[in-house]
Amino acid sequence: MIEIVLPRLNQLVPSLESTFQKLVEEQGELSEAILRWIEEQGTPGAREALHHVAGELLDVAQTCISMTFVLEDIAPDVRLDTMIDEHLAKLIRKGYVQQMQEVDDVYITVTADGYRSLRLPRLVIPGVTLDSTVLNISVAIGRFAQWIGKFRGASGEECVRTEEQVLRGCGLNLLHIAQCCFTMLYILEETFVMDITSLLHAHVEKLKLRGYVK
């Protein structure tokens, strides 16, 4: 199983609203990368195009993981480990996790450098494709928008949820989006023998170059 290690962007301070905007941006770039890969099918450029797709999946996941750090800062009672437990319980109920041992392998750590080490299980969902992955991400982004807007009464709606419930709902949606990305990366590694570890290294170096993380 791939070990996806993503850094906290400690030179940035994302908010729920800016995270939503960034997710919409990254989703568009992911869709564009997939369209390019489809166009390159059967050509020498197909492999490079697929690597670009994997890079965009990492960018989407990065946006989600970064905000989970901030959620814990905003509300100490909104714990990522608790949300992970709920996320995994949902996967088990739906039969997406093949073995209980895979659940036991899930872990979250934070290094001295501020890196979140997060491993999520490979899901067993028949017929998963890049297209279905993007659709699932789109649905989750829409739900995320509900949590930060409608459920907070942003347009004058009655607030029926507490702020802690809103933050927890946001966190679960972010985990769902990250799970979609991780699962697709597992599939790309297995199906196309892609070196995801090298892509992860290049991803982190790009973040450092842009000054997002030390």
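Helices here are DSSP runs of H or I, at least four residues long, numbered from the N terminus. Axes are lines fitted to C-alpha atoms over the stretch in contact, and angles run from 0 to 180 degrees between N-to-C directions.

Two sentences on conventions. The model is predicted, so local features need pLDDT of at least 70 and side-chain atom pairs count only at pLDDT 80 or more, while totals for chains, interfaces and linings use all residues. Residues are numbered from 1 along each chain as its sequence is written, and side-chain values use heavy atoms, with hydrogens and water left out.

Back to the pair. α2 passes α6 in a left-handed crossing, meaning that the near helix is turned anticlockwise from the far one by less than a right angle; clockwise would be right-handed. On the α2 side the contact (heavy atoms within 4.5 Å) includes L50, L57, I65 and I74, and on the α6 side L167, I177, F182 and F192. By class, this contact of α2 with α6 holds 21 nonpolar residues, 1 polar and 1 charged. Nonpolar covers Ala, Val, Leu, Ile, Met, Phe, Trp, Tyr, Cys and Pro; charged covers Asp, Glu, Lys and Arg; the others, Gly among them, are polar.

Next, α3 on α6. These axes are 10 Å apart at an angle of about 60°, and α3 and α6 are therefore oblique to each other. The crossing of α3 past α6 is right-handed. L80, M83, I84, E86, H87, K90 and L91 in α3 touch R168, G171, L172, L175, H176 and Q179 in α6. That contact divides into 6 nonpolar, 4 polar and 3 charged residues.

How do α2 and α7 cross, and at what angle? Their axes come within 10 Å and cross at roughly 60°, which makes α2 oblique to α7. This crossing is right-handed. H51, A54, L58, D59 and Q62 of α2 meet L199, L200, H203, K206 and L207 of α7. The classes here are 5 nonpolar, 3 polar and 2 charged.

Now the pockets. On a 1 Å grid over the protein atoms alone, a pocket is an open set of points where a 1.4 Å probe fits, with protein on both sides within 12 Å along at least five of seven lines; lining residues have an atom within 4 Å of a point. Grid points are joined across faces, edges and corners, and the volume is the space filled by probe spheres set on them.

The largest pocket has 26 lining residues, with K90, K94, N136, H176 and C180 nearest its centre. α3 (80-93), α5 (130-148) and α6 each give two or more residues to that lining. The largest share, 8 residues, is from α6. The lining has 11 nonpolar, 10 polar and 5 charged residues.

The second largest pocket has a volume of about 350 Å³. It is lined by 20 residues, and L9, L12, K22, T63 and Y212 are the closest to its centre. α1 (16-39), α2 and α7 (196-209) each give two or more. α1 gives the most, 6 residues. By class, that lining has 7 nonpolar, 6 polar and 7 charged residues.

Key. Angles under 35 degrees count as roughly parallel, over 145 as roughly antiparallel, 65 to 115 as roughly perpendicular and the rest as oblique.
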